[in-house]
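Subject: Structure handover

Hello,

Here is the structure for your files. Please have it open while you read the notes below.

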Amino acid sequence: MSAVTEESSAKCFGTDVKIFKHQSEVLKCEMKFAAILPEQISQKKVPVLFFLSGLTCNEQNFITKAGAQRSAAEHGIAIICPDTSPRVDIEGDSESWDFGKGAGFYVDATEEKWKTHYNMYSYITKELVDVVAQTFNVDVAKLGVFGHSMGGHGALVCALRSPGVFKSVSAFAPICHPCKCPWGDKAFSGYLGPDKETWKAYDATELAKVYDGPQLSVLIDQGKADKFLENQLKPQDFVRACAEAGTRVGVVLRSHDGYDHSYYFISTFVADHIKHHAEILSQK
């Protein structure tokens, strides 16, 4: 493992909020991640959550906008926030906001142009788990994952594709059926190629239909005023798939009048999500 270097540190509600960088072997470039570290980490191993951000975001968005520090301190839980894509220069990676830089979609690319660097799924589920375990006083046997929008998609996919790695999962306004929405069609055709059968490996709705891992209890919050709800997010597709598949994936979908897709929405319900994870991880 390459060295992890601290770039900045600040105090917030008793937590240390830090930015780190390291050389990723999986992504073959330097990557940054943020960490919210509670005071309890100095005395014992604490549970840890990965928060996966959405389109155009980086490691900074959640720590500056979500207001999660107070809840992290209350529950004694660490939160790690990785970037949303490799930060390398590839032709075409900055032509649109929903593909390329800031839009890695948490897949392992198979298309020649992207497969060297765009392997965010393996980075999140393998390399970053190891980096965090070796860097901080955390218990990765008590690891959860949550995220927003594209990152909510990533959280659901990581939990469903890596049974047992993530013991708890939740999402804010996730892209639940990317095989059937414009964002997913653009990203998957670019990163994975034209064979739509291969896309199902990164589609939470499709994965829920065949999931046979440990019991998962999924919390999803969704704003009813979210302009992306019907065309891009499709949470009801995921709920139906889980119900039809049996009882291994239980879903609580909470819909909220007036809330949109923004961090105003996330900050309103983030305490509920951290509590959801803390209660599950305390039993592991």
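The notes below go from the overall fold to single residues and salt bridges.

This is a predicted model, in which local features need pLDDT of at least 70 and side-chain atom pairs count only at pLDDT 80 or more, while totals for chains, interfaces and linings use all residues. Residues are numbered from 1 along each chain as its sequence is written, and side-chain values use heavy atoms, with hydrogens and water left out.

Overall fold

The protein has ten helices and nine strands. These are DSSP runs numbered from the N terminus: H or I over at least four residues for helices, E over at least two for strands. The C-alpha trace spans about 50 × 40 × 35 Å along its principal axes. A compact globule of 284 residues would have a radius of gyration near 19 Å, and the 17 Å found here agrees with that. The radius is taken over C-alpha atoms, and the globule rule is 2.2 Å times the number of residues to the power 0.38.

Of the 284 residues, 57% are buried. Buried means under 20% relative accessible area, exposed means over 50%, and partly exposed lies in between (1.4 Å probe, protein chains only). The protein exposes about 11,500 Å², of which carbon and sulfur atoms supply 47%; the areas come from the Shrake-Rupley method with a 1.4 Å probe, and for residues only the protein chains shown count as cover. Among contacts (heavy atoms within 4.5 Å) between residues at least 6 apart in sequence, 72% join residues at least 24 apart.

The sheet

Nine strands form an open sheet with mixed pairing, in the order β1-β2-β3-β5-β4-β6-β7-β8-β9. Two strands pair if DSSP finds at least two bridges between them. β1 (5–12) and β9 (249–256) are at the edges with a single partner strand each, so one side of each has no neighbour in the sheet. On average, neighbouring strands are turned by 20° against each other, direction ignored. Helix α9 (residues 235–245) packs on this sheet, where α9 touches β8 (216–223) and β9, and its direction makes about 150° with that of β9. Axes are lines fitted to C-alpha atoms, for helices over the stretch in contact, and angles run from 0 to 180 degrees between N-to-C directions.

β1 pairs with β2 (residues 15–24) in the antiparallel sense over seven bridges. S9 stands opposite K18 in β2.

Around S53

S53 is in the loop between β4 (46–52) and α1 (61–65). S53 is buried, at 1% relative accessible area. Leaving out residues up to four places away in sequence, S53 touches N58, T84, Y106, H148, M150, G151 and Y263.

Salt bridges

Side chains of opposite charge can pair when their charged atoms come close. The rule used is a side-chain nitrogen of Lys or Arg within 4 Å of a carboxyl oxygen of Asp or Glu, and by this rule the count is 15.

- K101 and D89: the closest N and O atoms are 2.6 Å apart. K101 is partly exposed at 24%, and D89 is exposed at 72%.
- D98 and K186: 2.6 Å, N to O. D98 is in the loop between β5 and α3 and K186 in helix α5 (residues 182–192), 88 residues apart. D98 is buried at 11%, whereas K186 is partly exposed at 33%.
- E197 and K200: 3.1 Å, N to O. E197 is exposed at 54%.
- E7, K21 and K32: linked in a network of salt bridges.

Regards
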